[in-house]
Amino acid sequence: MWWMGYILNGFSHLIVGIVGPVCECSLHFSISISTKIMILLGSSQPNSCHKTRRDVELRFAVTCQFVDWLFPLDLLLSRLLAYGYLPLYFCTVVGGVYASVDREMMSTRRLQTALESNSHMICCGLHIKFRMAIPFLLVVLKLLMIIVFSGWVSLWLLKPTEMWTQKWKGAEESATATVFGYNGLDFAVYSFPLIFLAIVGFIYLELKQKEPRSRQARSPGKALSNPLIVNSYVGIVSAVEVLAVLFFVLFLAWTFYTRISNDYRKMMLVKNMKLNMWQFKSSRVATRLGLLAEACLALLLLPILRGLAIFRILGIQFEASVKYHVWLGTAMILFATLHGAITFFIWGVKNRIQDEMWRWQKTGRIYLAGEVTLVTGLVIWITSLPQIRRRQFEIFYYTHHLYIVFLVFFLFHGGDRHFYMVFPGIFLFALDKLLRIIQSRPETCILSARLFPCNAIELVLPKDPRLKYAPTSVIYMKIPSISKLQWHSFSVSSSSSVDENTMSVIVKCEGGWTSSLYNMVQTELGSDADRMKCIPVAVEGPYGPTSLDFLRYDSLLLVAGGIGITPFLSILQEVEFVQSSGKKRIPSQIQLIYVVKKSQDICLLESVLPSLLNQKSEQFHLKLKVFVTQEQSGATIRELVNEFSRVETVNFDTKSTNYATFGLETSLWMASIIGFSSIMFLITLCCFNQAFLHPIKKASKPKYPSSVIDLLLICSFAIAIMCGTFIAIVLRWRKLQKGLQISSQKPLKEIKPSLLESSRALEEHEIHFGGRPKLQDVFSQFPNETGGSDVGVFVCGPEGMKESVASLCQMKSQGIRMGAQSKKAYFSFHSLNFSL
């Protein structure tokens, strides 16, 4: 009977991995269950002898060292194996066998005491040693990502060469006879490196969050992230972005030159459509321009990933990377339009437009599919121009969903071999889209709303207390009673450190959707009921940085315009919390420049009023400078603060739902879902290859047209995405089973009138009427007022304001100061978006 304990000892880990919570504490839970099973079954052993407890601990300590050594690897692999927990199963079986060698000679009581004591010691020791190993693991993962990325870039550089073409053709012919076929080879070489980079990147981000942080000195490389080009057409571009664009342009030039050179060497051997010399050269130019559009498409969808945003590895947030999507999309449409225009020109010269444009070839490139792709891409691009997007957002939003038509017909036009080059971005985007849909289900409700006199509204939403997010995070909201399809982004104005059960956003009611929301809440406010009816809302996010980078600066200069104050409200609340906890250093000086049209807009500062009143010079100092542009004179700061009482609050009924916002899954689970889905894609692709393509590999002529092969690729893609979606649904279901009880409303900090009247802190703040701030003077005076050498400049507001602040940061922080000049203020520029 005793030998069954060894098997059940490890099998308990398998049970816990499937039905238990997947987190570090499951190790402790599993070990405790395992030891109790061994004790229970071992109590019937004959000839048990007694030994000292120390002897038990010494022998069990060897097992602890074995498990301790494998734990960092198990922590990662157990997530990647989804619900298997097989590495921990193996560790437990081996450990159980070793610990049981002398178990026949011990009493059950002493064994139980020793093992239960050591189960706690194991978890503490593993946790400490794992944290100590984090810096080493981060270095290893970073090197691995550099190697994989370098290999992927090298692949793109070698692909246009004649040497690669010849070698690759032979490799595909050899792979055709295998179970994977040439499809598996194309996926492994062209697609999987970037997918693997995403998997490793999410593991890196998960470990990065657990790394002990300390304030670091400014490195010379930080200067590259400051603005280098400030222009109304291209926006604000840093030195790093200029280098990246330069390298990408050089890559496109290299690809085009290499392809054209090889084509021109072979042009005497090709006679197609009876083209003369210049016509043939033009046709080859058109074809190669299409390949440049393909290169842009390969990167097009990566910058707009939200939950699976791999740009976070580089410290670039989703709202900042959207402009890369715009740049790549514009370049892709340019190359695709030239590709199509030159092709049509050659057809027109040969009077073959009617013959060629409607062709749906059985093999090769399908011309009709390419035409549909180009027209769809042009429609998406035209409706996304700022002149249309800002005035007719609905048109922009709905036409962008034509990307499905665009991608499907691109596959038919380019063929499966070309599709594998762009597959990683499409694969990650599809997963990200479905994961976001699952995350927004089921709908939660608005706890309360606060109506400000400045035609703005604050929405308070319930959230899981375990959901933590960094300031400046963004959420997406959909209110079905207004629109069942439209999603709108808003900056989170609260701090998860301060408000554990709620999350707030402030909405400026200017457009049609926001005005409908304001009118809906105002109508409920006018009713006689104590609690208004529930307003269901779907929430995605929050999406934001993984760390509190703004705390590393000596001083902060915050510049906000209008509703752009919202991300700074979360920053100030977080700073106040960190100050009260005393766990981290905070910037010693913070200056908030707030530019508004009307003085009543100042009421949006109500949530940070305690910070404005409670000034503690020994820790940090907050100074507010308000600039009212459309009023020549007005009240003082104290008089305006007294008007905060005009804010009206509406509490909504929450009985119809018990669900809160749970946020995204952990980065490790994201990596697991990506890895599992990619493996399922490869398996499904191999099955289709064996079922449909492998039986005809020796045939002289293909049995199926190329479009059928493309459909098999689409089916494999859909099955893989559905498998990943199933895991996400199970994870979401497990969270919902916990039955979180949402709080009724957001707890508000009450400011006593006596404190408001007696506080002298308000006298330190300034208010100016009749003009905008002279930012040149602000930047000149701020270093003298603060004395900080490393100043973080954060701006959120209209594009003109951002460009002005960026230009001043560029001018004030020219070069990298060393030696005696290192004490001079260095302004690090950061641009925030309150909406997208």
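R450 is buried, at a relative accessible area of 8% (buried means under 20%, exposed over 50% and partly exposed in between, with a 1.4 Å probe and protein chains only). The model is predicted, and local features need pLDDT of at least 70, side-chain atom pairs count only at pLDDT 80 or more, while totals for chains, interfaces and linings use all residues. Residues are numbered from 1 along each chain as its sequence is written, and side-chain values use heavy atoms, with hydrogens and water left out.

**Exercise 1.** Find the salt-bridge partner of R450 and state which parts of the chain the pair ties together.

*Solution.* Step 1: the partner is E606, with the closest N and O atoms 2.4 Å apart. Step 2: R450 belongs to strand β4 (residues 448-452) and E606 to the loop between β11 (589-596) and α19 (609-613), so the bridge ties together parts 156 residues apart in sequence. Helices (H or I, at least four residues) and strands (E, at least two) are DSSP runs numbered from the N terminus.

**Exercise 2.** Describe the salt bridge between E540 and R306, including the burial of each residue.

*Solution.* Step 1: the closest N and O atoms of E540 and R306 are 2.9 Å apart. Step 2: E540 sits in strand β9 (residues 536-543), whereas R306 is in the loop between α9 (277-300) and α10 (318-349); 234 residues separate them. Step 3: E540 has a relative accessible area of 3% and is therefore buried. R306, at 17%, also counts as buried.

**Exercise 3.** Locate the salt bridge between D432 and R436, then name the network that includes both residues.

*Solution.* Step 1: the two side chains meet at 2.9 Å, N to O. Step 2: D432 and R436 are 4 residues apart in helix α16 (residues 416-439), so about one helical turn separates them. Step 3: D432 is buried at 1% relative accessible area, and R436 is buried at 5%. Step 4: salt bridges link D432 and R436 with R306 and E540 in a network.

Note on methods:
A salt bridge is a side-chain nitrogen of Lys or Arg within 4 Å of a carboxyl oxygen of Asp or Glu.
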